[in-house]
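Let's walk through this model together, one neighbourhood at a time. Keep the structure open beside you and follow along.

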Amino acid sequence: MENVDPVIAFVLGAVLLLFGRRLFWLFVGAAGFVAAREFALGLLEEVSAAAVTMIGLIAGVIGAVAAFFLQKLAIAAAGFLAGGYLALELVRASSPELAQVGWIAFIAGGLVGAILMAVLFRWTLIVLSSVLGAALISEALPLESVLKTGLFLVLAAVGVMVQARKAAAA
């Protein structure tokens, strides 16, 4: 999440981490924002950071509005975008030289995320929103790679546990 204010990324990540299941529209908007920014950064090399952020915001708003009116489509789209983003980040973290073909990982992860969201909506939403929130938080902090990975794993686990506990109590 380069070029995004770390405070915004941290706050958005924390909200997704703890409340992603309950704030489905925010999860869909955040997934749209993150995915659109990543695509804009990859495709539009000489565009300002403000323009890339604006592209992300527009996609995020469209996603959040779609979550209200087109819930089934928004569920699949959010699963695709979040799964794609997470697969892309996994490829980048494990093998930077494969970043050139990151779009393949994005599509594969996206398809898995969309299918999981359609079949196992509640649990997939809990896991994907926790993982996306953990990714935003860990990327917002200026830590070394190993610490970011450890923080990411701990935060993702905490997010799943908190949201699962809230889901069971509801």
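Start at Ala 67, which is buried, with a relative accessible area of 6%. Here, buried means under 20% relative accessible area, exposed means over 50%, and partly exposed lies in between, with a 1.4 Å probe and protein chains only. Ala 67 sits in helix H3; helices are DSSP runs of H or I with at least four residues, strands are runs of E with at least two, and both are numbered from the N terminus. Leaving aside residues up to four places away in sequence, Ala 67 touches Phe 24, Trp 25, Val 28 and Ala 74, where contact means heavy atoms within 4.5 Å. Its C-alpha atom is separated by 9.2 Å from that of Phe 27, 40 residues apart along the chain.

A word on ground rules: this is a predicted model, in which local features need pLDDT of at least 70 and side-chain atom pairs count only at pLDDT 80 or more, while totals for chains, interfaces and linings use all residues. Residues are numbered from 1 along each chain as its sequence is written, and side-chain values use heavy atoms, with hydrogens and water left out.

Now look at H3 as a whole. This helix, residues 49-69, has 21 residues and reaches 30 Å from its first C-alpha to its last, close to the 30 Å expected at 1.5 Å a residue (the expected span is 1.5 Å times one less than the number of residues). Its buried residues are Val 52, Gly 56, Gly 60, Gly 63, Ala 64 and Ala 67. They cover an arc of only 105° around the axis, so they lie on the same side of H3; the arc is that of the directions from the helix axis to the C-beta atoms. An α-helix has 3.6 residues a turn, so residues three or four places apart point the same way. The cover over the buried residues of H3 includes H2 and helix H4 (71-94). On the face turned away from that buried side you will find the exposed residues Ala 50, Val 61, Ile 62, Phe 68 and Phe 69.

Next, the aromatic rings. A search of the whole structure finds three aromatic pairs; rings of Phe, Tyr and Trp (its six-membered ring) pair if their centres lie within 6.5 Å, and planes under 30 degrees apart count as stacked, over 60 as edge-to-face and the rest as tilted. Phe 24 and Phe 121 have ring centres 5.6 Å apart and planes at 70°, so this pair is edge-to-face. Because Phe 24 lies in helix H2 and Phe 121 in helix H6 (residues 121-140), the pair ties together parts that are 97 residues apart in sequence. Phe 80 and Phe 106 are also edge-to-face, at 5.8 Å centre to centre and 75° between the planes. Ring pairs link Phe 39, Phe 80 and Phe 106 into a cluster.

Finally, turn to charge. Three salt bridges are found in the whole structure, a salt bridge being a side-chain nitrogen of Lys or Arg within 4 Å of a carboxyl oxygen of Asp or Glu. One joins Glu 38 and Arg 92 (2.7 Å, N to O). Glu 38 lies in helix H2 and Arg 92 in helix H4, so the pair ties together parts that are 54 residues apart in sequence. Arg 92 also forms a salt bridge with Glu 89, with the closest N and O atoms 2.8 Å apart.
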